[in-house]
Amino acid sequence: MVTERTFSEGGTRVPDEVIHEFGALLGAASLLERIAGRELERRCGIRHAVFEVLLRLSDAGADCPDMGGLAGELILTSGGMTRLVDRMQEAGLVRRRPHAGDRRRHLVELTGAGRAKLDEALRVHAETLREHFAGPLTDDQRRALVSALRTLRTTARKELGALR
């Protein structure tokens, strides 16, 4: 049975279950992200944001992204990205080099130490996800969840594309 409550003076009715189900999705995702971040910090000594930068740089190959591109991918301000890359450079994980076509821009690339830290972090992250994401679910539950999430991602991307 679907119970409904009025959420606006105009009488719009929204099924409670949908709100609660969406809350369950967001709550689970938030908690799992906190667990993953905690383990990266505890076991690898890096924040989740550092892991995300290392991961994106490893995928770039010879096409090193610039600071602005990284900031956009990670939804950070340019100042936030600069501070993060500064800390990563001080730790020896990345290096900057000038962009050949634009002296105002800098490209960011992994160092050997950055690749080694990423390898370590990937092992830790996979172990954490196996225990806390995959572990509590049966194979069928996990396949169904991933399929549903891909459907939601596809429809959300279509919607956001229409808003631009």
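Colleague: In what order do the elements of the chain run from the N terminus on?

Modeller: Helices (H or I, at least four residues) and strands (E, at least two) are DSSP runs, numbered from the N terminus. Here the order is β-β-α-α-α-α-β-β-α-α, which comes to six helices and four strands. Please note that this is a predicted model, in which local features need pLDDT of at least 70 and side-chain atom pairs count only at pLDDT 80 or more, while totals for chains, interfaces and linings use all residues. Residues are numbered from 1 along each chain as its sequence is written, and side-chain values use heavy atoms, with hydrogens and water left out.

Colleague: How is the span of H1 to be read?

Modeller: The expected span of a helix is 1.5 Å times one less than its number of residues. H1 has 29 residues and reaches 41 Å from its first C-alpha to its last, close to the expected 42 Å. Just after H1, glycine 45 takes a positive phi of about 75°.

Colleague: Which residues in H1 are buried?

Modeller: Buried means under 20% relative accessible area, exposed over 50%, and partly exposed in between (1.4 Å probe, protein chains only). In H1 the buried residues are Asp16, Ala36, Gly37, Glu39, Leu40 and Cys44. Alanine 36 counts as buried because its relative accessibility is 4%.

Colleague: What does alanine 36 touch, apart from residues up to four places away in sequence?

Modeller: Contact means heavy atoms within 4.5 Å. On that basis, alanine 36 touches His125 and Thr128. Histidine 125 lies in helix H5 (residues 112-134) and is itself buried, since its relative accessible area is 15%. Beyond its neighbours within four places in sequence, histidine 125 is in contact with Ala36, Leu40, His48 and Phe51.

Colleague: Which residues form the nonpolar patch on the surface?

Modeller: Accessible areas come from the Shrake-Rupley method with a 1.4 Å probe; for residues, only the protein chains shown count as cover. Phe22, Leu25, Leu26, Leu145, Leu149 and Leu152 form the patch, with about 500 Å² of accessible area together. Helix H1 (16-44) and helix H6 (139-163) each supply at least two of its residues. Leucine 149, found in helix H6, counts as partly exposed because its relative accessibility is 34%.

Definitions and conventions. Patch = residues over 30% accessible without salt bridge, like charges linked within 9 Å, V, L, I, M, F, W, Y side chains within 5 Å. Salt bridge = Lys/Arg side-chain N within 4 Å of Asp/Glu carboxyl O.
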